[in-house]
Amino acid sequence: MIKKKLVLSFPEKVVTKPITYALVKEFDLVFNILRAEITPDMEGKMLIELRGNDQQIREATDYLEEAGVAVQEAAKDIMIDKDGCVDCGVCTSICITQALTLDKKTKKLKFNKDKCILCELCLDCCPVTAIKVNI
Ligand code: SF4
Ligand code: SF4
């Protein structure tokens, strides 16, 4: 039995379908939804943890991709280099879960790890490469 964290991206046309139900029913996997978010343009993002064997997880991943769901292995952690960050706020407009925000008073970047779904969308946007991923 292994554990794997995946980031699932559901396009609008499949966002309301009970696709994850099949992970249990068809592939006999145990899964936990760690975080989930629907973006303003109706794309669903979900961070899940799967438990099962290699083959079950591989087959379930194929099933999800065939159903139109983008599957990405989750990074372990996102880190902000506080010394490098210049609080420009660019990343806050990319972050769909609002894990990255600018403090209204101090104008400093705030990172709420509990809201981060490890989608890695913010990685390439930082002009001073202050956002790092721990894989
Ligand atoms: S990886 Fe970056 S963009 Fe994605 S939720 Fe976390 S902080 Fe936001
Ligand atoms: S884009 Fe980079 S420099 Fe700008 S606020 Fe985000 S982490 Fe800081």
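**Contacts across the chain**

Start with the contacts, where contact means heavy atoms within 4.5 Å. Among contacts in the protein between residues at least 6 apart in sequence, 67% join residues at least 24 apart.

Some ground rules. This is a predicted model, in which local features need pLDDT of at least 70 and side-chain atom pairs count only at pLDDT 80 or more, while totals for chains, interfaces and linings use all residues. Residues are numbered from 1 along each chain as its sequence is written, chains are lettered from A and ligands numbered from 1 in the order in which they are written, and side-chain values use heavy atoms, with hydrogens and water left out.

**The overall layout**

The protein has 3 helices and 8 strands. Those are DSSP runs, numbered from the N terminus: H or I of at least four residues for helices, E of at least two for strands. Read from the N terminus, the order is β-α-β-β-α-β-β-α-β-β-β. Along the principal axes, the C-alpha atoms fill a box of roughly 50 × 30 × 20 Å.

How much of the protein is buried? Of its 135 residues, 39% are buried. Buried means under 20% relative accessible area, exposed means over 50%, and partly exposed is in between, using a 1.4 Å probe and protein chains only.

**Two cores**

Now the inside. A nonpolar core is a set of buried Ala, Val, Leu, Ile, Met, Phe, Trp, Tyr and Cys residues joined through side-chain atoms within 4.5 Å. The largest one has 21 residues. Which residues have the most contacts inside it? Cys 91, Leu 100 and Ile 131 do. Take Ile 131. Leaving aside neighbours within four places in sequence, Ile 131 is in contact with Ile 78, Met 79, Ile 80, Cys 91, Cys 122, Leu 123 and Cys 126. There is also a second, separate core of 17 residues, including Leu 6, Phe 10, Val 14 and Val 69.

Leu 8 is worth a stop. Leu 8 lies in strand 1, residues 2-10. Its relative accessibility is 0%, so Leu 8 counts as buried. Beyond four places in sequence, Leu 8 touches Thr 20, Gly 44, Lys 45, Met 46, Ile 48, Leu 64, Val 69, Ala 70 and Val 71. Thr 20 is 12 residues from Leu 8 along the chain, and their C-alpha atoms are separated by 9.9 Å.

**Two ligands**

Next, the ligands. Where does ligand 1 sit? Ligand 1 sits in the largest cavity. The space taken by ligand 2 is the second largest cavity. A cavity here is a set of points, on a 1 Å grid over the protein atoms alone, where a 1.4 Å probe fits but cannot get out. A molecule sits in one if more than half of its atoms lie within 2 Å of its grid points.

A residue is near a ligand if one of its heavy atoms lies within 4 Å of it. Around ligand 1 we find, among them, Cys 95, Cys 116, Cys 119 and Cys 122. Around ligand 2, the list includes Cys 85, Cys 88, Cys 91 and Cys 126. By class, the ligand 1 shell has 9 nonpolar, 1 polar and 1 charged residues. The ligand 2 shell has 10 nonpolar, 1 polar and 1 charged. For these classes, Ala, Val, Leu, Ile, Met, Phe, Trp, Tyr, Cys and Pro count as nonpolar, Asp, Glu, Lys and Arg as charged, and the others, Gly among them, as polar.

**The loop between strands 7 and 8**

Pro 127, also around ligand 2, is found in the loop between strand 7 and strand 8. Is Pro 127 buried or exposed? Exposed, with a relative accessible area of 58%. Pro 127 and Val 90 are 37 residues apart along the chain, with C-alpha atoms separated by 8.3 Å.

Leu 118, around ligand 1, lies in the loop between strand 7 and strand 8. Leu 118 is buried, at 8% relative accessible area. Its phi is positive, near 60°, in a residue other than glycine.

Lys 115 is found there too, between strand 7 (109-111) and strand 8 (131-134). At 39% relative accessibility, Lys 115 is partly exposed. Lys 115 touches Arg 35, Thr 97, Gln 98 and Ala 99, not counting residues up to four places away in sequence.

**One more loop**

Last, Asp 28, in the loop between helix 1 (21-25) and strand 2 (30-38). Asp 28 has a positive phi of about 55°, although it is not a glycine. Asp 28 is exposed, with 58% relative accessible area.

Technical notes
On a 1 Å grid over the protein atoms alone, a cavity is a set of points where a 1.4 Å probe fits but cannot get out, and a pocket is an open set with protein on both sides within 12 Å along at least five of seven lines; lining residues have an atom within 4 Å of a point.
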